[in-house]
Amino acid sequence: MTKEEILKTFQDKFPGKIEEIPFVGVDVAFKVDRELILQVCRFAKENPELQFDLLACQTCIDWVEHMEIVYNLFSFEKRHKIAIKTSVPRDGHMDSVTPVWKAANWHEREIAELFGMTFDNHPDPRPIFLPEDWDQGYPMRKGWEGKDFVRLPEK
Amino acid sequence: MSDYPRSSLLTPLLTVEKADTEEFIVNMGPQHPSTHGVCRLLLKMDGEVVVDVVPIVGYLHRALEKIAENRTYLQFIPYTDRIDYVTAMICNHGLCMAVEKLAQIEVPERAEYIRVIMDELNRIASHLIWLGTFALDIGAITPFLYCFREREHILDLFEMVCGQRMTFNYMRVGGVSRDLPPEFLPKAKEFVEYFKPKVDEYEAILTQNPIFLGRTKGVGILDRKVAIDYSVTGPNLRATGLKWDLRKEEPYSVYDRFDFDIPTGTKSDSWDRYIVRIQEMRQANRIVEQALQSIPEGEIKTKTKPVFKPPQGEAYVRIESTRGEMGFYIVSEGEKTIPYRVKIRSASFSNLAALPEMVRGWKIADLVVIFASLDVIMPDVDR
């Protein structure tokens, strides 16, 4: 499928909700509302024209005013790849996509622990990397200061 | 379960009249010789049988992504060596490629050839470590010694090129840091010829060895659908029969100029994961051979500005690492020397997440084999 066809398939299903954005390294990237994310992801996986069966990467960007969750998807059958973005308020919560891709389980645990996000209906919302007795907040947030972390001056 | 039944299953040597079984929890690791690093496996056991496993990771978490937000693009390259220290060249390559895509920098042809040679030599070195330790976990000590003997030659080649044997810091945005020394090409060609029969040697010891077959055939089957659901990539995915390799399907660098095959498995058991990697070593050697013959003269680096500031934007660029898809997701604000955000998508992280699906119902001794066959590198998981 071409870039336009992929975008149109999503736009037909979710009219007025898909906003294209620039992104290097994928065929097409767009933004959706966070309330729709589970529906959009399920559609991306289950639609026979799209078949995005691989959640290649899921991550979070802290833009200080809000957080942005990014899903990088790929289809082995159709050989196309997209990125989906959704914006979430800080300390906000959103649906887990673990029912769609099991791979999201660990990615979401990582995001929840390091960025302080909450994923609803996550099957296993334990911390993943940090020590059990960690009490110094969410280290991947912008502006986080820790004992061993010194912000270098920028030239 | 297995094509190669174990003797104890055929004729029970001991029987008990009254057997009470009780499930119990046991820890394997974090310090355990067969976890290849510091990984803790929390096991729910029924006698010798694994009922469930919970991998507990994070012992090597160094917050490399946080460090990246505090370093310039160039300063972060040595940190990529520490993501997957066994294939540091490919990690270097991944980061540099992502930044090049973002800043639209062309890489000179010679540099691309050098990168491919380094990547593939590093792939062989990594598979050699894997093969050695995999065989060691099963109880074969000889292959370990053989593998490290050959790996030594590759490390010598790396040392010749960049002065380092493990953490290379060799590639740069726009090329590589220095040209190949004149003695490299003859030595590398010598190695290619030297290595060809060595793979047969490993195969002679292992491939049809009845003990090896008994321990690996049919053990730890990972269904293709489950593998994709967990985002398992690389040799572990190819062992399920899916012919998918980024070097072939999405050729980056100059991989489209070389003739090589993508080995795949059929049963997606531990033996298939073994044979796929064995054949990958041969294919990597083929690529190195072709690249050494056709490497052009010329520049080794595109000049970038001394204070390097990529334009505003974001990129997700992936590369076929030894363990699967390695992705670098970079967000640049523009007019800044440091990235706003770097996400490292490491293959081992996703591959390890699929472990519980493979080990349920197998004995604890098989768990060791299955874990080893996944080729997980803990710093790659924890980052």
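1. Let's start with the sheet in chain B. Three strands make up an open sheet in the order E6-E7-E8 (chain B), paired antiparallel. Strands here are DSSP runs of E with at least two residues, helices are runs of H or I with at least four, and both are numbered from the N terminus. Two strands pair if DSSP finds at least two bridges between them. E6 and E8 of chain B are the edge strands, each pairing on one side only. From one strand to the next, the twist averages 10 degrees.

2. A word on what you're looking at. This is a predicted model, where local features need pLDDT of at least 70 and side-chain atom pairs count only at pLDDT 80 or more, while totals for chains, interfaces and linings use all residues. Residues are numbered from 1 along each chain as its sequence is written, with chains lettered from A and ligands numbered from 1 in the order in which they are written.

3. Back to the strands. E7(B) and E8(B) pair in the antiparallel sense over 5 bridges. If you want a spot to look at, Tyr329(B) stands opposite Lys343(B) in E8(B).

4. What lies across E6 and E7 of chain B? That's H4(B), which runs at about 150 degrees to E6(B). Angles run from 0 to 180 degrees between N-to-C directions, and axes are lines fitted to C-alpha atoms, for helices over the stretch in contact.

5. Now the interface: 34 residues of chain B are in contact with 29 residues of chain A. Contact means that the C-beta atoms of two residues, placed from the backbone, lie within 7 Å. Elements giving two or more residues to the chain B side include helix H4 (88–103), strand E7 (324–332) and helix H13 (347–353). The largest share, 6 residues, comes from E6(B).

6. On to the inside. The largest nonpolar core has 154 residues, and among those touching the most other members are Leu73(A), Ala98(B) and Ile330(B). Such a core is a set of buried Ala, Val, Leu, Ile, Met, Phe, Trp, Tyr and Cys residues joined through C-beta atoms within 7 Å. Buried means that 20 or more other C-beta atoms lie within 10 Å of a residue's own; 12 or fewer makes it exposed, and in between it is partly exposed, with C-beta atoms placed from the backbone. Helix H5 (residues 109–138) of chain B gives this core its largest share, 15 residues.

7. Finally, chain B as a whole: it has 16 helices and 8 strands. Of its 383 residues, 50% count as buried.
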